[in-house]
Amino acid sequence: MDIAEAISGRRSVREYTAQALDEQTIRSLIDAAVLAPSAVNQQPWTFTVVRDQVLLERISHDAKAHMLASMAADAQSEHFRLLLSDPKFHIFYHAPALILISASAQGPWIVEDCALAAENLMLAAYARGCGTCWIGFAQSFLNTPDGKKALGLPAAWAPVAPIIVGYPRTAPPLVPRKEPQVRWLG
Ligand SMILES: Cc1cc2nc3c(=O)[nH]c(=O)nc-3n(C[C@H](O)[C@H](O)[C@H](O)COP(=O)(O)O)c2cc1C
């Protein structure tokens, strides 16, 4: 697929079919992720693939509780509070797989590096007919000792990008973009 087509066609997908993701497909997405640039070529990323639905359900439950306990009381939080309080809301949308990109090294740019790998992975997934969504709701819990323990991550690793992957049940419409603020100097 042409890169412009992938960039303009990718959407965050929140409804998936029951079709499982095989290992070869997941490996091909990781192969694309690691082609991202990284500061001083550190390549600090690691990939934790979770296809165990019971584990994903448990992490969804614990991440919701963690978010609710730590959320600020503002208008936007109220919207999230309602969503996260709904026992039926599954933060991973019952996707067949979660690929968590974590940094295993330390440094000033590890988050940027992992985020670049995540975008590569999401674009490659779209090009292969898969859908993805970055699940920020999982991040703060996964960065706690309990969250790392749930996935067997070493304490020194920093989870950055929890990306769900699967086959889309529907084709989501484009989410409107704001007019970019551009300043021309010269
Ligand atoms: C850092 C980050 C965190 C996100 N967290 C969530 C999330 O927890 N749940 C969710 O449904 N979507 C999440 N999203 C998806 C955004 O809502 C989505 O990218 C945005 O609405 C634009 O839509 P698009 O990706 O279809 O272009 C997240 C996206 C990013 C980049």
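**Ligand shell and sheet**

The model is predicted, so local features need pLDDT of at least 70 and side-chain atom pairs count only at pLDDT 80 or more, while totals for chains, interfaces and linings use all residues. Residues are numbered from 1 along each chain as its sequence is written, and side-chain values use heavy atoms, with hydrogens and water left out.

An N or O atom in the side chain of Tyr93 is 2.5 Å from a ligand oxygen, and one in the side chain of Arg14 is 2.7 Å from a ligand oxygen. At Gly136, a polar backbone atom is 2.8 Å from a ligand nitrogen. The protein covers 67% of the 620 Å² of accessible area that the ligand has on its own (Shrake-Rupley method, 1.4 Å probe).

Next comes the sheet. Four strands (DSSP runs of E, at least two residues) form an open sheet in the order β1-β2-β4-β3, with antiparallel pairing; pairing requires at least two DSSP bridges. Because β1 (45-50) and β3 (131-134) are at the edges with a single partner strand each, one side of each has no neighbour in the sheet. From one strand to the next, the twist averages 25°.

β3 runs antiparallel to β4 (residues 158-166), joined by four bridges. Thr132 stands opposite Val165 in β4.

Technical notes:
Axes fitted to C-alpha atoms, helices over the stretch in contact; angles between N-to-C directions. Polar contact = N/O pair within 3.5 Å; in protein donor to acceptor, adjacent residues only side chain to side chain.
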